[in-house]
Amino acid sequence: MTSADGPVSLTEQQLLWSVTEAARNLFGAAAASVFLLDKETGELVFEAVSGEGDGHLVGTRFPPGTGIAGWVASCGQPMLVDEVGDDAQFARAAAESTGYVPRSIMAAPLIRDSECLGVLEILDSGSRPRGDLQDVDLLGILAAQAAIGVELLTKLRRTGNAEPEPESGLAALMGRISSRLATADKQTADVVTRLLSNVDDLLAAR
Amino acid sequence: MTTALPWRTDGKPHAPGLPAWSAPTAGEPLALLPIDGLAGVTPEWAWGGADGRGVRACVVDSGVEGSHPLVGELARSVSVLSDADGELTVADVPPEDKAGHGTACAGVLRSIAPAVSLTSMRVLTDGITGSGAALLAGLAWAIDEGFDVINLSLSTTRPEFGVALHELADRAYFRRCLLVVSAHNMPVRSYPWIFSSVVSVASHDEQDPMTYYYNPSPPAEFFARGLKVDAAWPGGGRKRVTGNSFASPHISGICALILSKHPWLTPFQLKSVLYLSARNVVNVREGEHD
């Protein structure tokens, strides 16, 4: 997973996910998501989702200025759109891109200092004891808090003060193998090297 | 009246390189103007029977879908474009709106002032989304074109554009282009809604499109309908939208109505008329308290 400033760290993933999880629960919503703006292309990149569409949406990119999130990133104003699912064109586009067709979308920009960093979006807010305008205001406050978090992490990353990330997945496995191989006895090292060589051949042949 | 409109004249001659206020200010009689005492200003006086005819409004936004039934015919559709060298130019473009935000705002303005002349200036485009430079170029064009009302339902958070926007807002004010801008309801600093030379608008939670309130605690000066607004949607449809973006075109429309009845009002007079005709001010004047 990457953003405009390079790979999104585990801490950043956790922050964004906690924002979406909190927002989804606060609004009793079907889903909450955070998009970050890719400064190079202007695209909005799905970085965290809680609820409908969980997981498989992360990394999806949307062209600049399109969709409700695109509006919000462009004009910098939080807003709410009702009954979006009634629109056949919108419903089809939403279903194709996210697999879920909402009835309402509420979105607010993540703005920090002078920059729009992304968008916080809520699909199908549930009960609305506060009223729509208050909900939009509250979403704005949550978005501001999320933007502060993203900015702090980005600054830490730029200054090299961020804590080293615990490695995970395939890269971590390769790293562990490499370090263990360096201290293994010769017989074991030969076997492992042959094994890895076979794996390499197998991958190259495909 | 055969004399040139006072806000369109070149001003008094003054020494080159020096500001206009260095010109002598005494010894010349004041121009004769049909100044209105604004006595008895009421909503009926302000816009009763008006439909916006004769007033030119410009929606500075993401473009406007000209074929949309809620928008009606556009006088013109232009866009800020970036050439190969990155220079920004203004050119006529087909009346399209890929995003939909401008179409929604234009539809609201039209619903209030059905006979207003509407022009679209697109400053939010695919290549230059969120560019403050495009916003400046588009706004400067609209002011130079002398639109009576300019609706701006967007803002920039980039401080480097703040000073230039401030100058543009003042230029609009003195050229009698009323800039109606949606207030930003987030804890961020943004422009130009915060400037006193514009009319800044936030949302109330009522449904009457002509009801608006004066806010005695600025910077947002007026509250207009911004909740569940039936707005034009790209592709010819409509959607219910909520947000300050849709409150400002209500006030833009009301200003178009007022100017079509009272074309001599300058921005500060018009703001006074808005104040005097606001629901809460009218209620207090009539002895009601809300």
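1. B:Gly102 counts as buried, with 0% relative accessibility. Buried here means under 20% relative accessible area, exposed over 50%, and partly exposed in between (1.4 Å probe, protein chains only). The residue sits in helix 2 (residues 101-112) of chain B. Helices (H or I, at least four residues) and strands (E, at least two) are DSSP runs, numbered from the N terminus. Leaving aside residues up to four places away in sequence, B:Gly102 touches B:Val59, B:Asp61, B:Ser62, B:Gly63, B:Val64 and B:Asp97. Contact means heavy atoms within 4.5 Å.

2. A word on the basis. This is a predicted model, in which local features need pLDDT of at least 70 and side-chain atom pairs count only at pLDDT 80 or more, while totals for chains, interfaces and linings use all residues. Residues are numbered from 1 along each chain as its sequence is written, chains are lettered from A and ligands numbered from 1 in the order in which they are written, and side-chain values use heavy atoms, with hydrogens and water left out.

3. Chain B as a whole. Its secondary structure comes to seven helices and eleven strands. Of its 290 residues, 53% are buried. Among chain B contacts between residues at least 6 apart in sequence, 69% join residues at least 24 apart.

4. Now the interface. Chain A and chain B bury about 2700 Å² between them, 58% of it on carbon and sulfur atoms. Buried area is the accessible area (1.4 Å probe) that two parts lose on being put together, summed over both. In chain A, the residues that lose the most area to chain B are A:Trp71, A:Gln77 and A:Leu133, together 25% of what that side buries. The contact takes 31 residues from chain A and 36 residues from chain B.

5. Polar links across the interface. Eight residue pairs are in polar contact, both residues at pLDDT 80 or more. A polar contact is a pair of N or O atoms within 3.5 Å; within protein, one must be able to donate a hydrogen and the other to accept it, and residues adjacent in sequence count only if both atoms are side-chain atoms. Helix 2 (67-75), strand 6 (79-82), strand 7 (105-112) and helix 4 (132-159) of chain A each supply at least two residues of the side that touches chain B. Helix 4 of chain A gives the largest share of that side, seven residues. By type, the side of chain A that touches chain B has 16 nonpolar, six polar and nine charged residues. Ala, Val, Leu, Ile, Met, Phe, Trp, Tyr, Cys and Pro count as nonpolar, Asp, Glu, Lys and Arg as charged, and the others, Gly among them, as polar.

6. Strands also pair between the chains. Strand 6 of chain A runs antiparallel to strand 11 (residues 237-242) of chain B, joined by three bridges. Two strands pair if DSSP finds at least two bridges between them. A:Asp82 stands opposite B:Arg240. The side chains of A:Asp82 and B:Arg240 also form a salt bridge (3.8 Å, N to O). The count between the two chains is three salt bridges, each a side-chain nitrogen of Lys or Arg within 4 Å of a carboxyl oxygen of Asp or Glu.

7. Strand 8 (residues 115-123) of chain A is mostly covered, with seven of its nine residues buried. Strand 3 (residues 31-37) of chain A joins strand 8 antiparallel through six bridges. Strand 7 of chain A pairs with strand 8 over eight bridges, also antiparallel.
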